Amino acid sequence: LITVAAFWLTWSIGRLALSRREAALALVLLALSPQFVLTGATQLSQPAEMLCMLAGVYALFRFEETGASRWVQATGAAFGLAVLVRPMPGVLFLAVGVAWLIRAARARGAQPVAVLMLVGFPIALAGLVFLGVNWAQTGHPLRTGYHAAHGNLGFLPEVVEGMSTAGVVVD
């Protein structure tokens, strides 16, 4: 189902941003992508992350088209879920998406601060869930279960590694 939804969103975004012809080309390229083909039928997190990002981009384009606040909230919800599914790519994509959203808000004459508040609430909620789950699993809000199981792998600064929370030392 995730793969089918990704195809539909790719088609929809292509039509909104470009044309039917370019949307069809995007589907062909997506179907030929080794990353999409090899992970699309698995239970890995990459397909779910892609779906969240595509949903966020679709909502961005719909906001740009209609100016409706529900699309801003949908953008925040989709990008918030993306952060929960795969934090690092989710945060990187989120930064670009929010910048695009601010640009679109200004182009429509909307107040960027109001738009940021609408998009920010679901994103902040997802961030709090992320920190809470990390704390429950590892005893530290900035240490994920992945890092607890596989080690730091050079991603967390040493300062974070040595932090202690409620008497639990993270090493």
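The second largest pocket of this predicted model is lined by 16 residues, and Gln46, Glu49, Met50, Met53 and Leu54 lie nearest its centre. A pocket is here an open set of points on a 1 Å grid over the protein atoms alone, where a 1.4 Å probe fits, with protein on both sides within 12 Å along at least five of seven lines; lining residues have an atom within 4 Å of a point. The volume of the second largest pocket is about 280 Å³, taken as the space filled by probe spheres set on the points, with grid points joined across faces, edges and corners. Two or more lining residues come from each of α3 and α4, and α4 gives the largest share, seven residues. Helices are DSSP runs (H or I, at least four residues), numbered from the N terminus.

Residues are numbered from 1 along each chain as its sequence is written. Local features need pLDDT of at least 70 and side-chain atom pairs pLDDT 80 or more, whereas totals for chains, interfaces and linings use all residues; side-chain values use heavy atoms, without hydrogens and water.

Thr39 is placed in helix α3 (residues 34-40) and is buried, with a relative accessible area of 12% (buried, under 20%; exposed, over 50%; partly exposed, in between; 1.4 Å probe, protein chains only). A polar atom of the Thr39 side chain lies 2.6 Å from the backbone oxygen of Gln35. Leaving aside residues up to four places away in sequence, Thr39 touches Pro34, Leu44, Gln46 and Pro47, contact being heavy atoms within 4.5 Å.

Five aromatic pairs are counted, a pair being rings of Phe, Tyr or Trp (its six-membered ring) with centres within 6.5 Å; planes under 30 degrees apart are stacked, over 60 edge-to-face and the rest tilted. The pair of Trp8 and Tyr58 is tilted, at 5.5 Å centre to centre and 55° between the planes. Trp8 belongs to helix α1 (residues 2-17) and Tyr58 to helix α4 (residues 45-66), so this pair ties together parts 50 residues apart in sequence. Trp8 is partly exposed, at 48% relative accessibility, while Tyr58 is buried at 15%. Tyr58 also pairs with Trp71: the ring centres are 5.8 Å apart and the planes at 85°, so the pair is edge-to-face. This pair links Tyr58 in helix α4 with Trp71 in helix α5 (residues 69-85), 13 residues apart, and both residues are buried. Trp8, Tyr58 and Trp71 make up one aromatic cluster.

How values were computed. A polar contact is a pair of N or O atoms within 3.5 Å; within protein, one must be able to donate a hydrogen and the other to accept it, and residues adjacent in sequence count only if both atoms are side-chain atoms.
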